[in-house]
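The following paragraphs guide the reader through selected features of one structure. Please keep the sequence and the model in view while reading.

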Amino acid sequence: MLRVEDAQVSVEFTPELLNKFADIVSRYPAGKQKSGLLPILHETQAVFGWLSVDAMDKVAKYLDILPIEVYEVASFYSMYFLRPQGKYVLEVCRTSGCCLVGAEKIMDHIEAKLGVKEGEVTADGLFSWRGVECLAACGFGPVLQIGPEYTFYENLTNESVDTLIGNLKKGIKE
Amino acid sequence: MGRKLLLEHINVPGINTFDVYRSKGGYASVEKALKTMSPEAVVEEVKKSGLRGRGGAGFPTGMKWSFLAKPEGVARYLVCNADESEPGTFKDRYLMTYIPHLLIEGMITSSFALGANTSFIYVRGEMMPQIRILERAIAEAKAKGFLGKNILGSGYDLELYVQPGGGAYICGEETALLESLEGKRGNPRIKPPFPAIAGLYGCPTVVNNVESIAAVVPIINEGGDEYAKLGIGRSTGTKLISAGGNLKKPGVYEIDLGLPVEEFLYSDEYCGGIANGKRLKAVVAGGSSVPILPANLILKTLNNEPRLMSYESLADGGFVSGTMMGSGGFIAYDEDACIVRNTWNFARFYHHESCGQCSPCREGTGWMEKVLHRLEHGHGKMSDMDLLVDVSKKIEGNTICPLGDAAAWPVASAIRHFRDEFEWHVSNGAEAVTRNYGLAHYADPLPKPEVVA
Ligand SMILES: Cc1cc2nc3c(=O)[nH]c(=O)nc-3n(C[C@H](O)[C@H](O)[C@H](O)COP(=O)(O)O)c2cc1C
Ligand code: SF4
Ligand code: FES
């Protein structure tokens, strides 16, 4: 999955980001700083859009743990991206409850509208999309979310999806 | 009309703020517990209440609390399970979104009872908006002296933190959750030792569901005996039900345990019946992991008694004709739903979410997904149904954690109750891709309760 050109991307953590890391680590008992790994990876991905090897190595260094301890976590959890994504990743719930109210048709519509298959990025770099598992909003389906804030959209229709994508192209989220 | 213990004030404007929540009697349980009760007395009230864990397993909360080891000089932890990833379940997200202080209040009172000075709420990472809501609520409570050092002058200290997950259903399993909270992959631990002896950082730990913790608030305010008067038999109190699927009024409802399923489904106070004038075909009553039942078995038991929304009544008939309360994730399937496609959808879910530690679960869920995929897409064989049952039996009971069982039961129950629909998929492969089997004989046998215009 990992492409060579992706592996060479290097990153710089700003003082602001490092402050966030420090705040996270302060929550745990002395010596248990590894507990901060998941939240720190979220903060890192929120800044860079995905987790490059260099970013993961720098997180490992920050937490004083081995790089492999970061890789194994980043690859286990579905929210972490190990390669670049669109600026907006549309994540549609594909599980039973939402399928009963049309989630599959919404995914077909998104695929047609964006012109890219699940997991691919549009040519302008703005969008990618994928199906994800139940998002705990089954009564309000179909639903989708967009990171890094995980803004949430419920009761989707083709029209509301069109509006959403149109707005995102103008840089309007919400 | 049932009593609302958790959601009574959910529609009050501003109830998500400390001041409005407090003006509605919020944080009274903290005052009562910290100023007038011993930790042991709080545990005693929870025991008396008969509260059973709302996360899925239904284990009595008071009893779980009394198992917590208390070695001298060792920290104890309370960890709230807000991973809510069981398909069909969306009550915890709802509660945290609209009335976050109820959870914070429950965490303070419960942490006091357990002697925990640091507690965590582990929220699934996708719920970033809810994480922000909880962090704001915690900051407010702290500013008002309900968290931090020497709470309300009682000498009791508590810090409360919110921890995000990374997107993995398995982290709802309590030992996987603790691994994840320690910054690792969510691989469930082999038990024993149980978390009550060796949990977070090897210290004694209690893990409880959001709704269980929230229920501690009315239990302490009104007393365990009062709480136990609600409900039926060993199913005491109220329960949040997440109702979704083909319903007129999907949503989160607080019911008195013991409410007839029929009333829950069809009365206007609750789900209001099936959407679009359709008829009910099947129900998953407690989240995707519990056996699916055809309409005729969810409304009445085999003995022709009305089925009730209670732990005992839903389980009546065992796996032959019953199901389970689970997490209260209630999914209604109408006459257009395809049971084969739905079973494949669930199997894909469990295959995707298996942590991969045990071969029966890792390999078995993959096989089930594959076989169900070919059945759904018209390439199945008549022997596939027995193959699926065989695989499910080889997973069940042979794994480290209950995800294996949770993956096996939906498949086994779908074949048990809907075998002819599966067979139709095999014998009419081409047709099965373009149209559904329909209601067949699974419909509810009662006079049609709704008038179709
Ligand atoms: C695969 C799996 C997923 C689970 N997911 C959740 C969950 O999302 N939320 C939850 O509260 N309990 C979940 N549980 C149950 C927990 O392991 C645990 O029993 C529960 O959090 C205890 O809290 P309670 O006693 O208050 O119900 C899950 C169990 C398994 C096996
Ligand atoms: S049963 Fe499945 S999810 Fe549970 S520990 Fe084994 S492989 Fe992991
Ligand atoms: S099935 Fe889509 S949110 Fe639960």
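In chain A, Asp64(A) is placed in the loop between helix H4 (53–63) and helix H5 (67–76); helices (H or I, at least four residues) and strands (E, at least two) are DSSP runs, numbered from the N terminus. Phi of Asp64(A) is near 60°, a positive value in a residue other than glycine. Asp64(A) counts as exposed because its relative accessibility is 66%, where exposed means over 50% relative accessible area (1.4 Å probe, protein chains only).

The model is predicted, so local features need pLDDT of at least 70, side-chain atom pairs count only at pLDDT 80 or more, and totals for chains, interfaces and linings use all residues. Residues are numbered from 1 along each chain as its sequence is written, chains are lettered from A and ligands numbered from 1 in the order in which they are written, and side-chain values use heavy atoms, with hydrogens and water left out.

In chain B, a positive phi of about 55° occurs at Asn276(B), which is not a glycine. Asn276(B) lies in the loop between helix H11 (261–266) and strand E10 (280–284).

Another loop of chain B, between helix H8 (174–181) and strand E4 (205–209), holds Pro192(B). The peptide bond from Lys191(B) to Pro192(B) is cis, with omega near -10°. A cis peptide bond also joins Pro192(B) and Pro193(B), with omega about 5°. Most peptide bonds are trans.

Strands E2 (residues 118–123) and E3 (residues 159–164) of chain B pair in the parallel sense over 6 bridges; pairing requires that DSSP finds at least two bridges between two strands. Within this pairing, Phe120(B) has Tyr161(B) of E3(B) as its bridge partner.

Conventions. Buried < 20%, exposed > 50% of the residue type's maximum accessible area, 1.4 Å probe, protein only.
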